Amino acid sequence: MALLYYWHPDNYRRDLDMGAGFHLNQSNPLLHSLELGDSLWAFTRNKSKRYVLVAELVIKAKTQNPHNFRYGSYRVWGDLKKSRYFLADDDAPRVEQIIRSLSIRTEAKKLGQSFQGHAAVRAISEADHQVLVAAAQALPLEPRARILPEERLEAAVLLGDEEAVRQLLVEEPSGVAEARAAYLFSQAPTRNRQLVKELQKTYDGKCQLCGWNPMDEYGHWLCHGHHIHWLSRGGDDDLRNLLLVCPNHHGAIHACDAHLDYKDFTFNFGTRVEKVELNLHL
Ligand SMILES: [Zn+2]
Ligand SMILES: [Zn+2]
């Protein structure tokens with residue numbers, strides 16, 4: 001089964017400016033009826049007010065958000081290798097007729113009005129899905145939807161290495177807007193180092209997943225701060241978005257693109273599920 005989503009133009013643009021997120025939050029539980037490997041299609045109105053297709057997320061994970069999360073309880077994550085953002089410029093083909101021809105009800109005069117509130121995400125049939133696959137076939141990709149290497153960005157930010165962050169943004173022209181880029185290499189390093197210090201104190205330097213205690217064993221704080229919602233994908237540097245983990249767990253989380261599920265505080269690594277055993281701050 002597949003879903004079709006109307007992405008409000010402001011939110012769509014914000015997503016690209018912050019670092020393409022490749023995920024979607026909703027308050028509608030229908031979002032979690034997607035199975036892994038299913039598609040979530042998104043359309044929006046571009047600058048010339050035309051409805052255009054902007055993304056196909058191929059679902060890799062479904063998680064629940066923290067309690068009272070402002071964008072809803074349900075989240076799905078796109079597989080970074082299989083998901084695509086399409087270019088939404090003036091030349092992008094209009095999809096209004098195509099969407100109105102699908103089996104879902106879209107009688108509002110302005111198409112977007114048929115996708116308000118809970119109806120922002122709609123279940124579509126397999127035949128509808130195939131229509132969208134065909135419509136998307138020749139669409140050029142959005143060059144801004146590129147992800148900075150999270151390990152390097154996070155390490156540079158946490159080490160307070162402004163030059164390394166600057167270098168990364170030059171070497172890897174990702175889509176992040178200038179304001180976000182400027183923030184990442186000016187305020188973020190100081191702020192993040194402070195937050196990780198707080199975590200080190202809260203957990204006596206232990207890994208929140210396995211309890212490894214480098215201070216006891218080696219006399220040094222060797223665990224890392226990890227951004228649960230990656231910085232490169234628009235994540236905040238807020239204490240509730242950080243976790244203290246050992247270097248092994250940190251490497252595994254990035255390599256497996258494992259996401260924290262706030263429902264039971266577990267990480268799904270694909271091959272195994274592990275719980276955040278020590279949790280005093282989330
Ligand atoms: Zn660990
Ligand atoms: Zn990390």
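The legends below describe several close-up views of one predicted model.

Local features were taken only where pLDDT is at least 70 and side-chain atom pairs only at pLDDT 80 or more, whereas totals for chains, interfaces and linings use all residues. Residues are numbered from 1 along each chain as its sequence is written, and chains are lettered from A and ligands numbered from 1 in the order in which they are written.

View 1. The protein is divided into domain 1 (2-136) and domain 2 (150-275), with bounds that come from an automatic or database domain assignment. Their centres, taken over C-alpha atoms, are separated by 28 Å. In this view 16 residues of domain 1 are in contact with 16 residues of domain 2, where contact means that the C-beta atoms of two residues, placed from the backbone, lie within 7 Å. On the side of domain 1 that touches domain 2, helix 1 and strand 4 are the elements that give two or more residues; helices (H or I, at least four residues) and strands (E, at least two) are DSSP runs, numbered from the N terminus.

**View 2. The largest nonpolar core.** A nonpolar core is a set of buried Ala, Val, Leu, Ile, Met, Phe, Trp, Tyr and Cys residues joined through C-beta atoms within 7 Å, and a residue is buried if 20 or more other C-beta atoms lie within 10 Å of its own, exposed if 12 or fewer, and partly exposed in between, with C-beta atoms placed from the backbone. Of the 38 residues in the largest such core, Tyr5, Leu40, Trp41, Phe43 and Val54 touch the most other members. Among the elements that each supply at least two residues of this core are strand 1 (2-6), helix 1 (9-18) and strand 4 (51-64), and the largest share, seven residues, comes from strand 4.

**View 3. The surroundings of leucine 209.** Leucine 209 lies in the loop between helix 6 (178-202) and helix 7 (214-218). Leucine 209 counts as buried because 25 other C-beta atoms are within 10 Å. Not counting residues up to four places away in sequence, leucine 209 touches Val245, His249, Glu274, Val276 and Glu277.

View 4. Strand 11 (residues 266-268) is joined to strand 12 by three bridges, and phenylalanine 267 has glutamate 274 in strand 12 as its bridge partner.

Conventions
Two strands pair if DSSP finds at least two bridges between them.
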